[in-house]
Amino acid sequence: MTFFRRLGRRFTAWMSGRNGIDQLAFASLVLSLIFQLVSSVTGIGFWLLISIALYGWSLFRIFAKKSYKREEENKQFVMGWENVKTKIRQYFLRLKLGKQYKYFKCPQCKTLLRSNRGEGEKDICCPKCQHQFKIKT
């Protein structure tokens with residue numbers, strides 16, 4: 001058995017029971033790299049301190065033994081990140097379809113609704129709260 005295989009097996013045995021890299025650890029590593037690049041471009045040491053803190057937090061997450069807590073944190077991060085991605089996707093879709101549809105919010109529950117453009121004044125019933133109101137398309 002070669003040296004590198006033995007080293008790999010020892011590292012695998014040492015990492016068993018630890019959290020390892022997950023989406024939150026990876027995102028914080030990428031964010032710390034971005035802060036480090038900003039620090040090197042601007043020359044401001046504050047960004048380097050933030051980068052080092054994020055590196056340390058990422059390593060803590062990767063090597064943590066209490067993986068059930070780290071899994072819960074990662075689950076919350078993934079859910080939040082999916083919400084952010086959905087909002088960005090919807091924003092660009094609204095930009096793309098802005099000539100065909102008019103987007104507006106319900107005055108009561110603030111739900112985002114849409115209607116075809118060029119239909120004049122319409123009575124709208126919000127599907128979420130059943131509030132009726134008029135809009136001009």
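Predicted model: local features only at pLDDT ≥ 70, side-chain atom pairs only at ≥ 80, totals over all residues.
Residues are numbered from 1 along each chain as its sequence is written, and side-chain values use heavy atoms, with hydrogens and water left out.

Helices and strands are DSSP runs, numbered from the N terminus (helices: H or I, at least four residues; strands: E, at least two). Two packed helices are described by the angle between their axes and the distance between the axes. Axes are lines fitted to C-alpha atoms, for helices over the stretch in contact, and angles run from 0 to 180 degrees between N-to-C directions. Helix H2 covers residues 23-42. H2 packs against helix H4 (residues 67-96) at an angle of about 70°, and the two axes are 8 Å apart. H2 and H4 are therefore roughly perpendicular to each other; angles under 35 degrees count as roughly parallel, over 145 as roughly antiparallel, 65 to 115 as roughly perpendicular and the rest as oblique. Where the helices meet, Gln23, Leu24 and Ala27 of H2 are in contact with Glu73, Asn74, Phe77 and Val78 of H4 (contact means heavy atoms within 4.5 Å).

Leucine 48 is a residue of helix H3. With residues up to four places away in sequence not counted, leucine 48 touches Gln36 and Ser39. The C-alpha atoms of leucine 48 and valine 38 are separated by 8.2 Å, and the two residues are ten apart along the chain. Leucine 48 counts as partly exposed because its relative accessibility is 34%; buried means under 20% relative accessible area, exposed over 50%, and partly exposed in between (1.4 Å probe, protein chains only).

A pair of aromatic rings is described by the distance of the centres and the angle of the planes. Rings of Phe, Tyr and Trp (its six-membered ring) pair if their centres lie within 6.5 Å; planes under 30 degrees apart count as stacked, over 60 as edge-to-face and the rest as tilted. By this rule there are seven aromatic pairs. One of them is formed by phenylalanine 11 and tryptophan 14, which are tilted, with 6.1 Å centre to centre and 40° between the planes. Both residues lie in helix H1 (residues 3-15), and because they are three residues apart, about one helical turn separates them. Phenylalanine 11 is partly exposed at 49% relative accessibility, and tryptophan 14 is partly exposed at 41%. Another pair, phenylalanine 35 and tryptophan 47, is stacked, with 5.4 Å centre to centre and 15° between the planes. Phenylalanine 35 belongs to H2 and tryptophan 47 to H3 (residues 45-63), so this pair ties together parts that are twelve residues apart in sequence. Tryptophan 47 has a relative accessibility of 28% and is partly exposed.

Phe11 and Trp14 also belong to one aromatic cluster with Phe63. Arginine 18 lies over the face of tryptophan 14, at 4.4 Å from the ring centre. Likewise, the charged end of arginine 61 sits over the ring of tryptophan 57, 5.8 Å from its centre. A charge sits over a ring if NZ of Lys or CZ of Arg is within 6 Å of the ring centre and within 35 degrees of the ring normal.

Two strands pair if DSSP finds at least two bridges between them; E1 and E2 pair in the antiparallel sense over five bridges. In E2, leucine 113 is the bridge partner of phenylalanine 104, and arginine 114 is that of tyrosine 103. In a regular strand the side chains alternate between the two faces of the sheet. The hairpin of E1 and E2 has six residues between the strands. Most residues other than glycine have a negative phi. Lysine 110 has a positive phi of about 65° although it is not a glycine, and this residue is exposed, with a relative accessible area of 54%.

Strand E3 (residues 121-125) pairs with E4 in the antiparallel sense over five bridges. Aspartate 123 stands opposite lysine 134 in E4. Strand E4 (residues 132-136) has a covered face, formed by Phe133 and Ile135, and an uncovered face with Gln132, Lys134 and Lys136. E3 and E4 form a hairpin with six residues between them, and glutamine 130 in the turn has a positive phi of about 65°.
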